[in-house]
Amino acid sequence: MGGVRRAAMGLATAGLLALAAGCDQSEERLDRARGLIEDSIDQVATPGRPRGSAMAEVTQMERALAGRIGDVDSPAIQPESSRFVIGSIVAKPRQFAALELESLEAIELEDGGPAFEAIDPQAAEGVAEAPAPNATAERRLPQPRSGMRVTPRAVQDRAQLKRIRRLPSEKWRGDVQADVEDKMYDVMEKYGIQGRVQPSLSGQMKIEFAQYAPEPTQLRPPPEELRLRRPALEAIRPEPQLQARLPEWSLNRRRQCPGGASPELMREDPALATECVIQELRASNDFEYVEKDFLFDHQFARRPAETPTTLAYVEPNDPLWDLQWHFQKNGEGEDASLGGAGFVDFWTRNSDGSAEVVVAVVDTGLEMDHPEIAGSPNVAPGWDMVSDPLMGNDGDGRDSDPDDPGDICDPNDPLAENSFHGTHVAGTVGAAASNNGTGVAAGAWNVKIVPVRALGKCGGRLSDINDAIRWAGGLIPAIDEGGAEIWNENPADIINLSIGLFEFCPASLQDAIDAVTERGAIVVAAAGNARVSTRFYAPGGCNNVITAAAGDARGHIAPYSNYGDEVDVLAPGGDLSRDDNGDGRPDGVLSTKSAANCYDPLTGNAVETCFYAFEQGTSMAAPHVSAALALMKADRPEMTSSEITAQLLSALEPREPIQCARPCADLTSGGEAVDGSPGMCAVACGAGLLNLGLAAEP
């Protein structure tokens, strides 16, 4: 930290400790608060521990990695205006929901038992009504959606699951769908817009205007190949309740459709045309929701520094596993880290995973030719859900190949690089083989990873992400080039969403999440990297998800991480600007991905490319939680999703808002001033820090 921040932390220490004592008089809690606050004043530079020569026993390719201390412009990422695809609209007709409920209530399993039981949402304990779209409401952890509850037996029977989803779809594809499509075309015709309506088996419908190539809006001009043929672009303005809570720099103009808008105006201003069609369809009251096709971003909290810092040579004394502080036991001393998630304890005492447990990673796809992933027994068939070939960057639309070809948005940006984000996330969960004498370890050594590609160049469409979530959960089929239905034969137990949108949870996204959690899947979401309350971010602020904020190697909330009451768990996300364990490496999360500007940790020599990298972000925190859930499910496969969630929340080192205090100047919204400590704010950062050692049973 800089001198200014050290001085501020020093002045704040006494007040923080007094408040911590007031919150809890126990000596143990006071000691924990004291340790966290004192550690915030400066880095703890403990000498590197003597290690064996494991790195010397593998080739340079197998140990080279990317990521140096401070190799980042800033660990704090400012919130960006949310972006949407001009001329693309997502909607769900009310008729589909009625057909769906009618079909589900009529279905019985083959042995005569009901597939669903009707419940009274007011009387059912623990079941709350879903909030209205974009409304602030008390957030719910994973639970069945009000109105119906699926039995465990229906979730486990994959054939029945397909049948349950197919029946409303078959009814939907008749006259009802045609009637709704006619209404959509009538609205477009009113504004002189030509386009097409694309229905889906989930009931979600997408409108695309034909005269505008679908383009993402943003504040700065997009790359030339994505540029609209008009002088300016529009970004959206958050809803009024969000405007009142965020600083002015985060707001953009949200437009209203003028009365009597002419077709000529619509042709000149496609962003306005998008707004007008949405407002007209909403006013009809024929739709459960109508919204923009938002663009989501991955949640890496890093941008390469313009001048990368030089790595000071450090005498190597540990293999790559020893650089993965985030999986080590929680605590102090050898083989431990104050920010460690205790995975080693669970591996030792309980389980290292099971191939019967399925984790779907909805992300940028997977580098299928990565040395540790090619031929990995942990990777199951996935799907590419990116519908736009330009954004897909692979020459086609949706298909059976989830390979990640790269996602650089602006090739003219000298700092731009392919993120291979999904490979890093999936590697943390368990895509690569672990305990195999090469590379890195994963959280769950034996697990089935289903890669579902939904993000490409410049982000991922809301409409694609919604379908990806449902396909991952085994609820809808994908359609191949020949028109055949391709179902996910490995429906996910856990779905990881390390993605983010600076908006309240879109109604269509909440609908997709509810659909899969209703069937027994657990959805894990990144909190976001904007230093704002997670309620303003999706999917972290959605209902029925487990939201992960990012912690560093000290067990503190990372400076870039979102926070707030919506956060459930603090998990390792890393901080590339620090080296609190004194090993000469940044305290990022080390996992699989192709990278450039690498080095050999054994010799310190520069290496042009490599297959491992330190990264930071709430994107890294979420897969730690997904891996932890996978281990718990493998250890006790009879547990339901609610029981697994309860076990996860019991495996936490408690964290009070006072223990996540940080300078108020670092926050863009929220936080509560600490009495007696000017400039310091306490923020909620979840019930506690993930520590699987607390869930491990001898």
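Reader: By the rule applied here, to what count do the disulfides come?

Author: In this predicted model the count comes to six disulfides, where a pair of cysteine sulfur atoms qualifies if the two lie within 2.5 Å. Counting the bonded cysteines along the chain, the pattern reads 1-2, 3-4, 5-6, 7-8, 9-12, 10-11.

Reader: How do you know that cysteine 257 and cysteine 276 form a disulfide?

Author: Their sulfur atoms are 2.0 Å apart, and the cut-off asks for a pair within 2.5 Å, so the pair of cysteine 257 and cysteine 276 counts as a disulfide. The torsion about the S-S bond is 100°, and the link is right-handed. Cysteine 257 sits in the loop between helix H8 (240-243) and helix H9 (263-268), whereas cysteine 276 belongs to helix H10 (residues 270-283), so the bond ties together parts 19 residues apart in sequence.

Reader: Why is cysteine 276 called buried?

Author: The relative accessibility of cysteine 276 is 1%, and buried means under 20%, so cysteine 276 falls in the buried class.

Reader: What makes the disulfide of cysteine 598 and cysteine 610 left-handed?

Author: The torsion about its S-S bond is about -70°, and the link of cysteine 598 and cysteine 610 is therefore left-handed. Because cysteine 598 is in strand S22 (residues 589-599) and cysteine 610 in strand S23 (residues 606-615), the pair ties together parts that are 12 residues apart in sequence.

Reader: Are cysteine 598 and cysteine 610 buried or exposed?

Author: Cysteine 598 has a relative accessible area of 1% and cysteine 610 a relative accessibility of 2%; since the buried class takes values under 20%, cysteine 598 is buried, and cysteine 610 is buried too.

Reader: Which parts of the chain does the pair of cysteine 660 and cysteine 685 link?

Author: The sulfur atoms of cysteine 660 and cysteine 685 are 1.8 Å apart, and with 60° about the S-S bond their link is right-handed. This pair joins distant parts of the chain, with cysteine 660 in the loop between strand S24 (652-654) and strand S25 (662-663) and cysteine 685 in the loop between strand S27 (680-682) and strand S28 (688-690), 25 residues apart. Cysteine 660 is buried at a relative accessible area of 2%, and cysteine 685 is buried at 1%.

Reader: Which residues touch the most other members of the largest nonpolar core?

Author: They are Phe343, Val625, Leu629, Met632, Leu648 and Leu690, in a core of 51 residues. Helix H16 (residues 618-635) gives the most to this core, contributing 11 residues. Leaving aside neighbours within four places in sequence, methionine 632 is in contact with Phe346, Met639, Ile644, Gln647, Leu648, Ala651, Leu692 and Ala695. A second, separate core has 40 residues, including Phe296, Leu462, Ala521 and Cys542. In soluble globular proteins, nonpolar side chains tend to be buried together.

Reader: What share of the residues in the chain is buried?

Author: Buried residues account for 60% of the 698 residues, and the secondary structure comprises 17 helices and 28 strands. The accessible surface is about 25,800 Å², with 49% of it belonging to carbon and sulfur atoms. Among contacts between residues at least 6 apart in sequence, 73% join residues at least 24 apart.

Methods:
Residues numbered from 1 in each chain as written. Predicted model: local features only at pLDDT ≥ 70, side-chain atom pairs only at ≥ 80, totals over all residues. Heavy atoms only, no water. Helix = DSSP H or I, 4+ residues; strand = E, 2+ residues; numbered from the N terminus. Buried < 20%, exposed > 50% of the residue type's maximum accessible area, 1.4 Å probe, protein only. Contact = heavy atoms within 4.5 Å. Areas by Shrake-Rupley, 256 points an atom, 1.4 Å probe, with all protein chains shown as cover. Core = buried A, V, L, I, M, F, W, Y, C linked by side-chain atoms within 4.5 Å.
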